[in-house]
Amino acid sequence: MNPFDIDTFLATGGLVGLCVLIFVETGLLIGFIFPGDSVLFTAGVLAAQPNPYAPVWLLCVAVPVAAILGDQCGYFIGRRLGRGVVEGRLMKTIGPEYVARTHTYFDRFGALTVFFGRFIGIVRTLTPLVAGFSGMSYRLFTLFSVLGSIVWAAGIILLGYFLGNIPIIRDNIEIFIIASVLTIVVPTFIHLARRWCASRRASSEGAGA
């Protein structure tokens with residue numbers, strides 16, 4: 001068996017095993033060792049077979065729920081560790097400036113990071129932890145975690161279900177996912193950067209007046 005044989009894992013673990021894996025990917029901070037996108041895509045492919053792995057509707061309900069619960073677990077781990085770390089050694093090691101910068105980043109871009117981070121490997125593993133550590137609003141985090149988890153999990157499963165037999169998509173699923181996300185992320189960040197620059201320019205002109 002390979003380090004992570006997706007077909008064998010799905011055959012032996014079933015739907016419960018898949019949901020546990022998706023939960024662990026963000027809930028226990030070791031998600032970088034799992035090929036989450038490929039597992040979901042393969043699950044969709046298997047759901048489209050004459051003898052389906054699991055009903056596609058059930059996959060599209062259960063897996064997003066597991067992803068949402070994993071995010072919640074990661075967030076509370078980050079929040080709990082954050083208090084001790086900020087008040088203890090990390091504050092002395094990296095200084096208050098770094099901690100303040102982290103808070104500022106999540107205040108400005110936290111919602112986008114939570115949503116789009118779901119589509120990028122290790123980012124979805126670390127985002128809930130950092131969101132909790134930085135003190136990001138729990139309601140805001142939960143809202144974009146739910147939206148991101150549903151779009152990511154159900155979207156990739158349905159992609160596998162309907163397009164899994166097309167070789168170019170099946171063999172390059174990670175590239176297609178990242179490329180799709182970038183078509184939204186890049187214009188969004190360009191727009192935000194322009195607004196930020198315009199705001200800074202206006203502030204400078206106001207101060208100079």
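Over residues 54–77 the chain is 92% helix and 0% strand, with the end C-alpha atoms 32 Å apart; helices (H or I, at least four residues) and strands (E, at least two) are DSSP runs numbered from the N terminus. The model is predicted, so local features need pLDDT of at least 70 and side-chain atom pairs count only at pLDDT 80 or more, while totals for chains, interfaces and linings use all residues. Residues are numbered from 1 along each chain as its sequence is written, and side-chain values use heavy atoms, leaving out hydrogens and water.

**Annotated spans**
- The unreviewed UniProt entry annotates residues 9–34, 54–77, 140–163 and 175–193 as "transmembrane region".
- Residues 140–163 are 100% helix and 0% strand, and their end C-alpha atoms lie 33 Å apart.

**Helix pair α2 and α6**
- The axes of α2 (residues 36–47) and α6 (residues 138–163) come within 7 Å and cross at roughly 45 degrees; axes are lines fitted to C-alpha atoms, for helices over the stretch in contact, and angles run from 0 to 180 degrees between N-to-C directions.
- Helices α2 and α6 are therefore oblique to each other (under 35 degrees is roughly parallel, over 145 roughly antiparallel, 65 to 115 roughly perpendicular, and the rest oblique).
- Contact (heavy atoms within 4.5 Å) involves residues including Leu-40 and Phe-41 of α2 and Trp-152 and Ile-156 of α6.

**Charged side chains**
- There are two salt bridges, each a side-chain nitrogen of Lys or Arg within 4 Å of a carboxyl oxygen of Asp or Glu.
- Glu-25 and Arg-124 form a salt bridge at 3.0 Å, N to O.
- This pair joins helix α1 (residues 6–27), which holds Glu-25, to helix α5 (residues 121–134), which holds Arg-124, across 99 residues.

How values were computed. UniProt positions renumbered as here; feature names shortened; annotations may be inferred.
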